[in-house]
Amino acid sequence: MDTRSQEIRAIAKLNELTQHGRLKWEVVSPPDTRGSSDVVEIAYGTEHEGKRLRIFSRRSKVAVDEQRFEWLRSPVLQVVDSDGKPLYEFPSFNGIDDLLESVGYQVSGMGRWIEKLASGG
């Protein structure tokens, strides 16, 4: 199996662990974007088997033509050191966006809130 296939499977496994509550995420410091037009509003981190992971959504300003630009959003999953410096950034896969959605859902406590609300609470 090639590296790309292994990374896709690993990200899917992280998503599964997150959705089943076996991998807990928390809000962490976002990466430093000073000196660029990139924007990161919130980042999440966890540790799994000795690796520190950080996931976030990066918005980048891209020129459409000489007078217009638009913001492109891309989900990012990184392995970081103890200071939050990126050691490795996973290539862009659809699965990273799915993982980011699961992480945001977990950290926000939406599952418990929806459950409580649905049961009349």
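Buried here means under 20% relative accessible area, exposed means over 50%, and partly exposed is whatever falls in between (1.4 Å probe, protein chains only). The model is predicted, so local features need pLDDT of at least 70 and side-chain atom pairs count only at pLDDT 80 or more, while totals for chains, interfaces and linings use all residues. Residues are numbered from 1 along each chain as its sequence is written, and side-chain values use heavy atoms, with hydrogens and water left out.

View 1. Five strands are on show here, and 5 strands form an open sheet in the order E1-E2-E3-E4-E5, with antiparallel pairing. E1 and strand E5 (86–89) sit at the edges with a single partner strand each, so one side of each has no neighbour in the sheet. On average, neighbouring strands are turned by 45° against each other, direction ignored. Strands (E, at least two residues) and helices (H or I, at least four) are DSSP runs, numbered from the N terminus. Two strands count as paired if DSSP finds at least two bridges between them.

**View 2. E2 against E3, with a helix on the sheet.** The antiparallel strands E2 and E3 are joined by 6 bridges. Look for Ala43, which stands opposite Phe56 in E3. Helix H2 (residues 94–108) packs on the sheet and touches E1, E2, E3 and strand E4 (69–80), its direction making about 80° with that of E4. Contact means heavy atoms within 4.5 Å; axes are lines fitted to C-alpha atoms, for helices over the stretch in contact, and angles run from 0 to 180 degrees between N-to-C directions.

**View 3. Asp38 and Arg58 across the chain.** Arg58 forms a salt bridge with Asp38, and their closest N and O atoms are 3.8 Å apart. The pair ties together distant parts of the chain: Arg58 belongs to strand E3 (residues 51–63) and Asp38 to the loop between strand E1 (26–28) and strand E2 (43–48), 20 residues apart. Asp38 is partly exposed, at 23% relative accessible area. For the cut-off, a salt bridge is a side-chain nitrogen of Lys or Arg within 4 Å of a carboxyl oxygen of Asp or Glu. A search of the whole structure turns up 8 of them.

**View 4. Glu41 and Arg59.** Here the side chains of Glu41 and Arg59 meet in a salt bridge at 3.2 Å, N to O. Glu41 is in the loop between E1 and E2, and Arg59 is in strand E3, 18 residues apart.

**View 5. Helix H3 and its nonpolar patch.** Helix H3 (residues 110–118) is hardly covered, with a count of 0 buried residues among its 9. Tyr105, Trp113, Ile114 and Leu117 make a nonpolar surface patch of about 430 Å², and H3 gives the most to that patch, with 3 residues. Patches are made of residues with over 30% relative accessible area and no salt bridge, joining like charges within 9 Å and nonpolar side chains (Val, Leu, Ile, Met, Phe, Trp, Tyr) within 5 Å. Accessible areas come from the Shrake-Rupley method with a 1.4 Å probe, and for residues only the protein chains shown count as cover. After H3 comes Gly120, with a positive phi near 95°.
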